[in-house]
Amino acid sequence: MATILAVDDSNSMRQMVSFTLKQAGHDVVEAADGVQALAVAKGKSINLVLSDVNMPNMNGIELVKELRALPDFKFTPILMLTTESGANLKQEGKAAGATGWLVKPFNPEQLLSTINRVLG
Amino acid sequence: MSTAEALDVQIGSEANSQGDQYLTFLLAGEEYGVDILRVVEIKGWQTATQIPNTPEYVQGVINIRGTIVPIIDLRKRFGMPDLEYSQTTVVIVLYVNTQERTRTMGIVVDGVSDVCNVADEDLKSAPDFGGSISVEYVKGLSTVNENMVILLDIDHLLNSHELAQIAASDS
Amino acid sequence: MSIDISQFHEVFFEESFEGLEIMENSLLGLSESDDALDVINNIFRAAHSIKGGSATFGFMEISKFTHVMETLLDEMRNNERPVTVDAVELLLEATDVLSGMLTQVQDDEELDSERIKNVQGQLETMLGVAPEADVVETVANEDGAESGWTIKFIPLPHLLSTGNDPVRMFRELAALGDMTVSVNIEALPQLAELEPEECFISWSLELNGDIEEQQVAEVFDWVDGDCELVIQKRINEIDDSEDKNPEMSGDNAEKPAEAEQLKDVAKQDRREKPERRSKKPKAAEASSIRVGIDKIDILINMVGELVITQSMLSQMGESADENSFDAERIEKLQDGLSQLERNTRELQEAVMQIRMLPISFAFNRFPRVVHDYCRKSGKKIELVISGEQTELDKTVMEKINDPLVHLVRNSMDHGVETPEVRLASGKPETGTVMLDAYHKGGSIVIEIKDDGAGINKDRILSKGIEKGLVSESDVLTDEQVFDLLFLPGFSTAKEVTDVSGRGVGMDVVRRNIKSLGGNIEVTSTEGKGSTFTIRLPLTLAILDGQLIRVGNEMYIIPLTAIVESIQINEDRINGIASGSELYKLRNEYIPVVRMHESFGVEAEFHELTKGLLVVVEGDEGKVGIFVDRLLGQQQVVIKSLETNFKGVPGVSGATILGDGTVALIVDIAGLVSLAQSKALKNPYDIAEQSDAVA
C-alpha cells in the first residue's frame with residue numbers, strides 16, 4: 001500500500017512501529033536518526049514520514065526542516081512522535097513544517113488509525 | 001536394526017481424540033508401552049561409553065548426531081535377569097520431561113513390537129506389582145490383541161535424580 | 001486485529017540497559033568533562049527514551065519514575081538548575097533503582113516499591129514538587145445528542161505545504177455523519193497569479209448526526225494556525241425544551257464555537273495492563289549475542305570454501321569404481337582431505353570469534369565500583385583501564401566478573417592506603433588501580449595492579465604457619481609465600497570488612513578461575529604495590545586433551561593440567577598404612593590415584609610398573625594418575641554430560657572422538673576427591689589389590 005519512513009533512535013519503538021505497519025500491508029523504511037533518514041529517503045518514493053523528536057545527530061525538528069526543503073517532500077505528510085509533556089514541541093514541529101503528530105505512548109491500534117487518517 | 005526398519009510406524013495418523021498411541025516393546029516376555037509422541041527414534045544396539053560410579057542399569061552414553069545420550073538397560077532397571085544383546089536388541093530413544101527441561105535418553109529393550117491405540121476408557125489402573133516395577137512408573141494397563149500391555153510413565157521412570165547415585169551408596 | 005507488542009519487550013530491555021549504562025558512565029564522568037551541557041543532554045535523551053519506551057510497552061511504574069529523573073535532567077540541560085554533586089549522586093542512585101526496576105520487570109518479579117518510592121521522593125523533593133501529584137484528568141464534559149454542526153473552513157494559503165490535505169479531513173468528517181459540502185472559490189486569483197502550491201479555496205460544510213463538538217474539532221487538530229475555522233452548532237428545527245431532561249438543562253450550556261480543541265488527555269488505564277508473562281525458568285546465562293556483520297561475512301566465506309572442498313571430495317568418491325583407487329587418486333584424495341582439514345580449522349576459528357566480545361563489557365562496571373568505594377571509604381583512587389578491546393569468550397567473561405570484582409575490591413581495600421598514609425610515605429594522595437588485558441600465547445591475560453602498600457611477606461608467612469599450611473622449617477620462595485594467599489581459610493584482614501568479605505575470598509577466586517581452565521598469580525613489592533595476574537583460555541568450548549586408556553575405556557585428561565607423564569620406577573613406590581600409595585617424584589611425594597578403582601572400571605594393568613603415571617597439577621598439589629596407556633593428543637570439543645544426564649563426580653564433560661564414540665573428560669579435582677573418599681572407605685583393599693599380580 002504505502003511506503004512509510006519510520007525514524008526513531010529507540011530500537012524497540014522502531015521495531016514495533018515497523019512491524020505494525022508491515023502487518024497492515026505497508027512498506028517500511030527505517031532510520032535511527034535524522035542523518036540516516038535523509039540518506040535512506042533518497043531516491044525512494046515515500047508516502048508518509050513518522051519521526052521521533054529526540055534523536056542524536058539530527059533531531060526530528062531539524063529533519064522536518066531538511067525534508068521540506070527537498071522537492072520530493074514538499075507535500076509529504078510528516079508526523080512527529082511527541083510525548084505529552086512536549087506541548088511546545090508540537091508548535092516547533094508545525095513551524096518546521098510538520099503535518100501533525102502522534103502522542104507517545106501509543107499502541108499499535110492508535111498508530112494505525114492515525115496513519116489511516118493521513119493515507120485515507 | 002532390522003526390526004526398526006521393518007517397523008512401519010505411523011505416528012499420530014490413527015490417534016483417537018480420546019486416547020493415545022503407544023509404541024509397544026518386549027521385555028522379558030512381557031509387553032510394555034511408551035507414549036509414541038515421546039519416541040525420538042529407534043536404533044539398533046551399539047556399544048556405550050561407561051560412566052563411572054553409576055548404577056548397573058546405566059549402560060553408559062552414546063553419540064546420536066553429536067548429542068551425548070545416556071542409555072538405560074530396562075532389564076537391569078527392573079531387576080530382571082540379563083539378556084545378551086543380539087540383533088534384535090533395540091534402543092528406544094525418548095524425550096523425558098523433568099521440571100527444568102526436556103532430556104533425551106535411551107532405553108535398551110529386547111525388541112520393538114508395534115504401535116497401538118489405547119483409548120482412555122480402556123486404560124486400567126495397575127495393581128501394585130510388588131518389587132522392582134514401582135507403581136509410579138506405570139501409567140496403567142491395557143489389553144491389545146488379547147495381551148496385557150503395561151504402559152509406562154517415562155518421566156517417572158527415567159528421573160535422573162535416581163540415576164546418578166554413586167554405586168557406593170547403593171545398599 | 002490486535003497486535004501483540006510483547007515480542008518487542010526484550011529489545012526494549014536490552015536498549016534500556018544500554019541507555020542506563022550510558023547514563024551511569026556519563027554521570028560519573030560529569031565533573032571532569034568540559035562539555036557538561038552536551039553530556040547532560042545525552043543523559044536526558046537516554047532517560048527520555050526509556051520513559052517513552054516503558055510507557056509504550058505498558059511498564060507504567062518505570063515510566064513514572066523515569067519521568068521524574070527526566071524532569072530533573074531537563075531543568076539541568078536548560079540551565080534552569082545547576083549541576084551539583086548532590087544532584088549527580090542522587091541521579092546515580094536513581095539509575096541503580098531504575099536498573100533494578102528493569103530487571104525486576106524483565107524477570108517478572110516484584111518491584112522493590114519501598115526503595116523506588118524513597119528515591120522518587122528524593123528526586124521530587126529536589127525538584128520542589130509535591131510527591132506523586134496525581135494528574136487530574138479533565139475530560140471534556142460533553143453534551144448529549146447534538147443535531148449537527150456548521151463548519152467554515154478557510155485554509156491559509158500555505159496549508160498544503162504542511163502535508164495536510166483538506167480532502168482527507170473532509171473524509172474524516174463524512175465518516176461522522178451526513179455531510180454536505182459547498183465550496184467557495186471567491187479567493188481564487190487569476191491564473192497568471194495563481195501559485196499552484198497554495199490553497200485559495202475555502203469550504204462550508206454541514207454535518208448532521210449525533211456528533212460531539214470535540215469529534216469535529218479533532219479532525220482539524222493538526223491545522224490549528226494554518227487556517228480559519230469556525231464550528232457552530234446547528235439550530236434544532238424543532239425546539240424540544242419541554243422534553244429536555246430537567247437535570248440536564250442546567251448543564252446544557254451552549255458551547256461557543258471555538259477553534260481551540262480540548263485534548264483527550266491520555267488516561268492512564270487507557271491501555272490494558274500487560275499480561276504478566278507466564279513464569280519461565282530463568283535461563284542460566286544470557287542467551288543472545290550481538291555479532292558484527294564482518295564476522296558473519298567471514299563465516300559465510302569459509303562455509304563457501306568448505307562446500308567447494310566437500311563437493312570436490314564427493315566427486316572423487318563418485319567417479320571411483322572398485323578398480324580405480326590407484327596412487328594418483330589416493331594422492332588427490334589426501335590433498336582434498338588436507339584442504340578439508342584446513343577449511344574446518346578456519347571455520348572453527350571463525351565461529352569461536354563470534355563468541356568473542358571485548359573485555360570492556362566486564363571492565364565497564366568498575367568506574368562505578370571505584371567511585372562508590374571512594375565515597376564510602378574516603379580514600380582517593382584513580383581507575384586506569386587499558387586493553388579493553390581485548391576479546392574473550394562471552395561465557396568466560398560472564399564467569400570472570402565476580403572474581404574481578406573481588407580482586408579490585410581487594411586492591412582498593414587492602415592495597416591502596418588512606419590519603420594520609422600515602423602522603424606520609426611520600427606517595428601521591430590519589431592511589432591508582434589499573435585494569436589491563438592482553439592476549440599472550442593462546443590465552444588472555446588480565447592484570448589488576450595497584451600502587452598501594454603491597455603484601456607483607458612476613459605477615460603472610462606467619463599466618464600460614466599459624467594456620468598449619470606450612471611449617472616453620474619450610475623454605476619458601478617469594479612466589480610460594482604469595483601463593484599462600486589463595487589457600488582456603490586464609491585471611492589476613494584483622495576485621496572482616498564488608499567490602500572484601502571474609503577469608504572465603506581468594507581461594508574461591510582461584511577455584512573459579514581454575515574451573516575456567518585458567519590460573520591466577522600474585523606478585524608484590526612491599527610499600528610499592530601488588531599485581532594480580534589472571535590467565536584464561538580464549539574459549540571454553542574446546543580443550544586440548546591427552547587421550548588415555550584404562551581397560552576398554554578411553555578418557556581425556558586436559559593437557560593444561562598435565563605436568564608430565566612417566567613410567568613408574570618400582571623403587572619409588574611407597575605405601576602408607578592407610579593403604580594409599582605415594583610416588584617419589586624427584587624431591588616430593590605425590591599421591592597415586594588408580595583411575596580404574598576410582599572410576600570402577602576394569603583395567604588392563606594393576607601393577608603400577610606396567611602402566612603409566614600421568615602427573616597432574618591438582619588443587620592441592622601434584623597427583624599421579626595411574627593409567628594403562630597413553631594415546632594421542634588432540635583438540636576436543638567439550639560436550640555436556642548434564643544436558644541429558646547429570647553431573648558425574650570426576651567427569652567434567654564428554655567429547656565425541658573421530659570414530660563417533662564418546663570419551664569422557666576427566667575432572668582432576670573430582671577424580672582426586674573420589675580417590676580420597678574411596679581410600680577412606682576401604683583402606684586395606686587397595687593395598688591388597690596392588691600386591692595382587694594382574
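## Interface of chain C with chain A

In this predicted model, 39 residues of chain C are in contact with 40 residues of chain A. The area buried between chain C and chain A is about 3400 Å², and carbon and sulfur atoms give 55% of it. Three residues, C:Ile3, C:Arg45 and C:Trp222, supply 21% of the area that chain C buries against chain A, more than any other three residues.

Between chain C and chain A the count is 3 salt bridges. The side chains of C:Glu172 and A:Arg117 meet in a salt bridge, with an N to O distance of 3.0 Å. Polar contacts between chain C and chain A number 16 residue pairs, both residues being at pLDDT 80 or more. On the side of chain C that touches chain A, the elements giving two or more residues are helix 1 (9-29), helix 2 (36-56), helix 6 and helix 7 (213-219) of chain C. Helix 2 of chain C provides the largest share of that side, 7 residues. By class, the residues of the side of chain C that touches chain A divide into 14 nonpolar, 9 polar and 16 charged.

## Interface of chain C with chain B

Chain C also meets chain B: 25 residues of chain C are in contact with 27 residues of chain B. Here the buried area is about 2100 Å², with 60% given by carbon and sulfur atoms. In chain C, the residues that lose the most area to chain B are C:Asn644, C:Phe645 and C:Val662, which together account for 36% of what that side buries.

Across the interface of chain C and chain B, 0 salt bridges are found, while the count of residue pairs in polar contact is 8, both residues at pLDDT 80 or more. The elements that give two or more residues to the side of chain C that touches chain B are helix 18 (595-599), strand 21 (651-656), strand 22 (662-666) and helix 19 (668-681) of chain C. That side has 13 nonpolar, 6 polar and 6 charged residues.

## A four-stranded sheet in chain C

Chain C contains an open sheet of 4 strands in the order 2-3-1-4, with antiparallel pairing. Its edge strands are strand 2 (178-184) and strand 4 (227-233) of chain C, each of which pairs on one side only. From one strand to the next, the twist averages 15°. Helix 6 (residues 166-174) of chain C packs on this sheet and touches strand 1 (148-155), strand 2 and strand 3 of chain C. The direction of helix 6 makes about 10° with that of strand 3 of chain C.

Strand 2 and strand 3 (residues 202-208) of chain C pair in the antiparallel sense over 7 bridges. Within this pairing, C:Met179 has C:Leu207 in strand 3 of chain C as its bridge partner.

## A hairpin and a parallel pairing

Strand 16 (residues 581-585) and strand 17 (residues 588-594) of chain C run antiparallel and are joined by 4 bridges. C:Tyr583 stands opposite C:Ile590 in strand 17 of chain C. Strand 16 and strand 17 of chain C form a hairpin with 2 residues between them, and C:Arg586 in the turn has a positive phi of about 55°.

Strand 17 of chain C also pairs with strand 19 (residues 621-627) of chain C, in the parallel sense and over 3 bridges. The bridge partner of C:Val592 in strand 19 of chain C is C:Gly624.

Over all chains, a search of the whole structure finds 35 salt bridges. In one of them, the side chains of C:Glu24 and C:Arg368 meet at 2.4 Å, N to O. This pair links distant parts of the chain: C:Glu24 is in helix 1 of chain C and C:Arg368 in helix 12 (residues 366-377) of chain C, 344 residues apart.

Just after helix 15 of chain C, C:Gly468 takes a positive phi of about 75°.

## Backbone geometry in chain A

Most residues other than glycine have a negative phi, and most peptide bonds are trans. In chain A, a cis peptide bond joins A:Lys104 and A:Pro105, with omega about -5°. A:Pro105 is in the loop between strand 5 (100-104) and helix 5 (108-119) of chain A.

A:Asn57 is not a glycine, yet has a positive phi of about 70°. The residue A:Asn57 lies in the loop between strand 3 (48-52) and helix 3 (60-68) of chain A.

Definitions and conventions. Residues numbered from 1 in each chain as written. Chains lettered and ligands numbered in written order. Heavy atoms only, no water. Pairing = 2+ DSSP bridges. Axes fitted to C-alpha atoms, helices over the stretch in contact; angles between N-to-C directions. Contact = heavy atoms within 4.5 Å. Buried area = accessible area lost by both parts, 1.4 Å probe. Salt bridge = Lys/Arg side-chain N within 4 Å of Asp/Glu carboxyl O. Polar contact = N/O pair within 3.5 Å; in protein donor to acceptor, adjacent residues only side chain to side chain. Nonpolar A, V, L, I, M, F, W, Y, C, P; charged D, E, K, R; others polar.
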